[in-house]
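Take a look at it first, and then read on.

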Amino acid sequence: MSGLAVLVAVSAVGFALSKALRLPVIPLLVALGFLAARLGLLEHSEAVSNLRGLGLAFLVYVAGIELDPRRFRGKLGAGFWICLLYTSDAADESSRGGGG
């Protein structure tokens, strides 16, 4: 079976399971896609690679839509420190010749 047909089949199963089990569809689709890749059901092709990138973009878009900026009110200081620690760690890795 082609990679595109496997993705369509896995998506259909994911949506059906989501409805039947009343689970959020996005995490279920990610888990099923990961499982299909690990089981070797997906062949490595340009079409599958493009769909994977499109799926990731869709996931990030949906996550951004569901964010409520009011939840982050008063937490700017913590976000600043996390960002500072992350960037300092990345700078340290690159100075040691790491990949980033």
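This is a predicted model: local features need pLDDT of at least 70, side-chain atom pairs count only at pLDDT 80 or more; totals for chains, interfaces and linings use all residues.

Residues are numbered from 1 along each chain as its sequence is written, and side-chain values use heavy atoms, with hydrogens and water left out.

Let's begin with the core. Which residues make up the largest nonpolar core? There are six: Val6, Val10, Leu28, Leu32, Ala36 and Leu42. Helix H1 (3-21) and helix H2 (25-38) each bring at least two residues to this core, and H2 gives the most, with three. A nonpolar core here is a set of buried Ala, Val, Leu, Ile, Met, Phe, Trp, Tyr and Cys residues joined through side-chain atoms within 4.5 Å. The helices are DSSP runs (H or I, at least four residues), numbered from the N terminus. In soluble globular proteins, nonpolar side chains tend to be buried together.

Now for the largest pocket, which has a volume of about 890 Å³. Of the 26 residues lining this pocket, Leu7, Gly33, Leu51, Arg52 and Gly55 are the closest to its centre. H1, H2 and helix H3 (46-66) are the elements that give two or more residues to the lining, and H3 gives the most, with nine. By class, the lining has 18 nonpolar, six polar and two charged residues.

Leucine 29 lies in helix H2, while serine 18 sits in helix H1. They are eleven residues apart along the chain, and their C-alpha atoms are separated by 8.9 Å. Buried or partly exposed: how does each one count? Serine 18 counts as buried because its relative accessibility is 10%, and leucine 29 counts as partly exposed because its value is 23%. The cut-offs, with a 1.4 Å probe and protein chains only, are under 20% relative accessible area for buried, over 50% for exposed, and in between for partly exposed.

The table gives contacts (heavy atoms within 4.5 Å), leaving aside residues within four places in sequence.

| Residue | Contacts |
|---|---|
| Leucine 29 | Val10, Ser11, Gly14 and Phe15 |
| Serine 18 | Leu23, Pro24, Val25 and Leu28 |
| Alanine 36 | Val10, Leu41 and Leu42 |

Terms used. On a 1 Å grid over the protein atoms alone, a cavity is a set of points where a 1.4 Å probe fits but cannot get out, and a pocket is an open set with protein on both sides within 12 Å along at least five of seven lines; lining residues have an atom within 4 Å of a point. Grid points are joined across faces, edges and corners, and a volume is the space filled by probe spheres set on the points. Ala, Val, Leu, Ile, Met, Phe, Trp, Tyr, Cys and Pro count as nonpolar, Asp, Glu, Lys and Arg as charged, and the others, Gly among them, as polar.
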